Amino acid sequence: MLLSQTATAITTKNVIYTVDNQPYEGYYAKADKANAPFILLIHDWDGLTDYERKRADMLATEGYNVLAADMFGQGIRPTTIEENKRLTAALYDDRSKMRRLLQGALNAGQAQGNDARTGVTMGYCFGGTVALELARSGFPQKAFVPFHGAFDTPTSQSYDKTTGEILVFHGSADDSVSLESFATLGKTLEAAKVPHEMVTYSGAPHAFSVFGSDRYDARADQRSWKRYLDFLAETYK
């Protein structure tokens with residue numbers, strides 16, 4: 001594993017780990033800070049890309065150790081919408097495997113010297129949905145943070161075992177995930193007595209935080225990122 005030093009002195013490297021005897025390749029950004037809190041970052045449906053690496057670097061410069069997980073497998077990086085759908089559908093249909101992949105990524109973060117059980121899991125779109133899967137699993141963490149994820153709770157699952165807070169960022173103009181679904185999640189979390197904060201941004205579409213895309217909404221991105229950093233600071237004060 002080759003190490004590199006960025007301009008801000010954070011250390012980055014690719015990390016290969018194994019789940020179900022298959023290799024996965026994540027990206028690790030380490031803060032230049034002793035005992036930095038741990039963040040697990042889950043990618044969108046197009047796999048681990050430069051976008052997630054950039055977000056990991058941004059968080060590392062703020063004082064967090066970040067593992068951007070790989071949910072598809074080493075070398076599996078989809079390039080078409082059809083591939084995106086196939087790879088994510090396979091995990092939506094096999095929640096047990098999704099959870100094993102999450103555990104494998106958490107173990108990989110732990111192997112880098114972090115305490116995954118006091119960490120935060122975040123994700124973008126598909127990754128946000130996966131972050132909520134970890135919340136429902138009962139794995140103990142400080143918080144679970146989906147950015148423009150999906151909110152449906154699978155049959156036979158609940159938030160009864162959720163131990164951490166849930167912070168949700170959603171665009172009111174999201175044409176993939178409705179405001180009704182957003183509201184239903186809020187009611188579900190309230191009924192389960194899970195501490196939560198849910199924020200919507202007017203005019204923001206699905207995937208509003210992906211800079212460089214035609215869906216990018218600078219106002220929603222900047223405000224959600226600021227709130228997220230403030231939330232992390234409050235969590236680890």
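Helices (H or I, at least four residues) and strands (E, at least two) are DSSP runs, numbered from the N terminus. This is a predicted model, in which local features need pLDDT of at least 70 and side-chain atom pairs count only at pLDDT 80 or more, whereas totals for chains, interfaces and linings use all residues. Residues are numbered from 1 along each chain as its sequence is written, and side-chain values use heavy atoms, with hydrogens and water left out.

**View 1. The annotated domain, residues 25-234.** UniProt, in an unreviewed entry, places the feature "domain: Dienelactone hydrolase" at these residues; such annotations may be inferred rather than shown by experiment. The span is 40% helix and 18% strand, and its end C-alpha atoms lie 31 Å apart.

**View 2. Packing of helix α3 (residues 95-111) with helix α4 (residues 126-137).** The axes, which are lines fitted to C-alpha atoms over the stretch in contact, lie 10 Å apart at an angle of about 90°, and the two helices are therefore roughly perpendicular (65 to 115 degrees). Contact, meaning heavy atoms within 4.5 Å, is made by R95, M98, R99, L102 and L106 of α3 and by F126, V130, E133, L134, R136 and S137 of α4.

View 3. Leaving aside residues up to four places away in sequence, N84 touches W45, D46 and P78.

**View 4. Confidence at residues 1-7.** The mean pLDDT, the predictor's confidence in each residue from 0 to 100, is 95 for the protein, with 97% of its residues reaching 70 or more. Over residues 1-7 the pLDDT is below 50, and this stretch has 15 contacts in the model beyond near neighbours in sequence.

Notes:
Axes are lines fitted to C-alpha atoms, for helices over the stretch in contact, and angles run from 0 to 180 degrees between N-to-C directions. Angles under 35 degrees count as roughly parallel, over 145 as roughly antiparallel, 65 to 115 as roughly perpendicular and the rest as oblique.
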